[in-house]
Amino acid sequence: MEELLEILRDLHSDVDYDTCETLVDDRIIDSFDIISIVAEVDDRLDVSIPAEEIIPENFNSAKALWALIERLEND
Amino acid sequence: MLFTSYSFVLFVAAVLLLYYIVPRKFQWPLLLVASYYFYYCADTKGRYLLFITVTSVVTWICGIVMDKIGTEGDAYVKAHKADLSKEERKAYKAQVKHKKNMVLLLSLLITIGILAVTKYTNFVITNINSFLKPGNAIRAMDIIVPLGISFYTFQAASYLIDVSRGTIKSEKNFFKMALFVSYFPQLVQGPISRFGDLSQTLYEPHKFELNGFGRGLIRILWGYFKKLVIADRIMIAIKPMITITDKYFGTYVFIAMLFYAFELYCDFTGGIDITIGISECMGIKLKENFILPYFSKNVKEYWNRWHITMGTWFTDYIFYPLSVSPRMLKLSKWSRSHLGDKLGKRVTVYLSCFLVWLATGVWHGAAWNFIVWGLANYVIIMVSQELEPLYAKFHGKFHLKDKPGYAMFEICRTIFIMSCIRLFDCYRNVPLTFKMIGSMFTKANLKVYVDGSLMELGLTAADYTVLVIGFIIVLGVGVYKAQTKKDVRTELSKNIPLFCLVCVLLVISVAVLGAYGNGYDSTQFIYNQF
């Protein structure tokens, strides 16, 4: 999780990822950010996030994104 | 049968009446019959029907096949979970995915192939001919372009991709699939619905509800008001300005640009209001396609508010799959290691974005004007993206965000930029468009505002008065929505006499002030051609 938070903080250091649950809904991160996150996760955590998993529910919070990564890892 | 014709109004009235008379289980089959009849009227030789039926059949069969492959694959993995290692499971899943992808590819080749052949063959021929000697030129082909083909093909494609991804189940009933593809209110200009959003509301039985019916009715009237009273009237003045270019340049281009921005907004949102309104009258909920786009503070935000269903289609089905494909991720890794983290990160995003905007331009029409329009959007978005840190510094230093009027400046700037590149819709070719945009800055003749020249564009003083009042009403509704975050119809429905009064005023306005008669041409909606 710490590694993921690092990726997210690199993008927007001013966001409180522990509490924010509307990253996509409130347009705090946009489609360009999402692509950066996917590339970083692939690179640093060795988990590929397929296009069909790029939905707001999976990217609205750090927690949801971490749950997705864990699910894909165990899949 | 144009949306603006009397026959369409009668047709919709008959469909609505029958919709609530027939037993509820026959409501969706009735809509299918109505949709096919509507489409038959667009081409009584039945050719359009043939095209849409082929797309529906292919979509239906391939959806079922992909679903079957996926279900059997999942069942196998579940049954052999204990026997298979993680790697074996992954390999099997990849095999299943490959099979589904093959079916998807075939289905998209057929459905999008039909769109490509009908819409772009002559464009390709014209471009090839420009390289050939006149004697060797290839003859243009006599190919019909079925009404709304770009919209229903994209809708079918979204269904196929969603089934292949396993995010929705396939539709087993062919007639339900045929209705999803051909649902008449949205057939000609969208919104481009997703099966997951539309299917339930489209097929489920609906009881007549006065509130919902009233809300739908007022939205239809509002749509007709924008289309017939404003868009079709202002079009009269735009036509000469964009066709007689040796007379109307300089300041006229600026006027045409603003007039066209207003026309397109009223035309497209008016059409979508009619579409969503008809659906609401039947209890069917469609996705919104616009959220006050002319209140956007930058181009990126504008595209999140304008033609939303098209934008999300390109994002979900082209931008994301392209950007996260293994090849792109590999390229991203390479570019980051060779160009540095900051620049390297952007390479894949910019490449995917370029392809998306190229596709968006091509989707809008078989002409270089649309391709250049798409790429102009791309350039502006990318430049804005690059300048974002600079903007942030600038805003921070001068505290501009807190200053009253700065938001208004940002809104006006966005409207100007979008309206400017939209001129590619208007002029007959790309060089002429650039020339006319250039003349706006170099050959301004401000006298035309006051010397009566505007009265020679085909509109009378009374027409301009109607347009100004129309503009104030449309703007007023927008400002009310933006400031209060309230839905105007919901507020109106709290006061029944006022609601009825507005309905009556809209009917009278459309009947009396609608652009009919000599000199007027109640045209198709602009987005019908796409």
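Buried residues make up 27% of the 75 residues in chain A, a residue being counted as buried if 20 or more other C-beta atoms, placed from the backbone, lie within 10 Å of its own, as exposed if 12 or fewer do, and as partly exposed in between. The model is a predicted one, in which local features need pLDDT of at least 70 and side-chain atom pairs count only at pLDDT 80 or more, whereas totals for chains, interfaces and linings use all residues. Residues are numbered from 1 along each chain as its sequence is written, and chains are lettered from A, with ligands numbered from 1, in the order in which they are written.

The secondary structure of chain A comprises 4 helices and 0 strands, where helices (H or I, at least four residues) and strands (E, at least two) are DSSP runs numbered from the N terminus. Along the principal axes, the C-alpha atoms of chain A fill a box of roughly 30 × 20 × 20 Å. The radius of gyration of chain A is 11 Å, in agreement with the value near 11 Å that a compact globule of 75 residues would have; this radius is taken over C-alpha atoms, and the globule rule is 2.2 Å times the number of residues to the power 0.38. Among contacts in chain A between residues at least 6 apart in sequence, 59% join residues at least 24 apart, two residues being in contact if their C-beta atoms, placed from the backbone, lie within 7 Å.

Within chain A, the end C-alpha atoms of α2(A) are 20 Å apart, which agrees with the 21 Å that its 15 residues should span at 1.5 Å a residue, the expected span being 1.5 Å times one less than the number of residues. The buried residues of α2(A) include F32(A), I34(A), I35(A), I37(A), V38(A) and V41(A), and also E40(A). The helix α2(A) is followed by D46(A), whose phi is positive, near 60°, although D46(A) is a residue other than glycine. D46(A) lies in the loop between α2 and α3 (56–59) of chain A and counts as exposed because it has 8 C-beta neighbours inside 10 Å.

Chain B has 20 helices and 0 strands, and 35% of its 530 residues count as buried. The C-alpha trace of chain B spans about 85 × 65 × 65 Å along its principal axes, and its radius of gyration of 25 Å agrees with the value near 24 Å that a compact globule of 530 residues would have. Among contacts in chain B between residues at least 6 apart in sequence, 76% join residues at least 24 apart.

The domain assignment of chain B gives domain 1 (6–208), domain 2 (210–286 + 429–530) and domain 3 (298–426), with bounds that come from an automatic or database domain assignment. The centres of domain 1 of chain B and domain 3 of chain B, taken over C-alpha atoms, are separated by 29 Å. The contact takes 12 residues from domain 1 of chain B and 7 residues from domain 3 of chain B. On the side of domain 1 of chain B that touches domain 3 of chain B, the elements giving two or more residues are α4 (86–129) and α5 of chain B.

A positive phi of about 45° is found at H307(B), which is not a glycine and which lies in the loop between α11 (299–305) and α12 of chain B. H307(B) is buried, with 23 other C-beta atoms within 10 Å.Helix α12 (residues 308–323) of chain B bends by about 35° at T315(B), the bend being the angle between axes fitted to the seven residues ending there and the seven starting there. The buried residues of α12(B) are T309(B), M310(B), W313(B), Y317(B), F319(B), Y320(B) and S323(B). The cover over these buried residues includes α2 (31–45) of chain A, together with α5 (149–165), α13 (326–339) and α14 (341–364) of chain B.

Between the two chains, 15 residues of chain B are in contact with 13 residues of chain A. On the side of chain B that touches chain A, α12, α13 and α14 of chain B each supply at least two residues, and α12(B) gives the most, with 5 residues.
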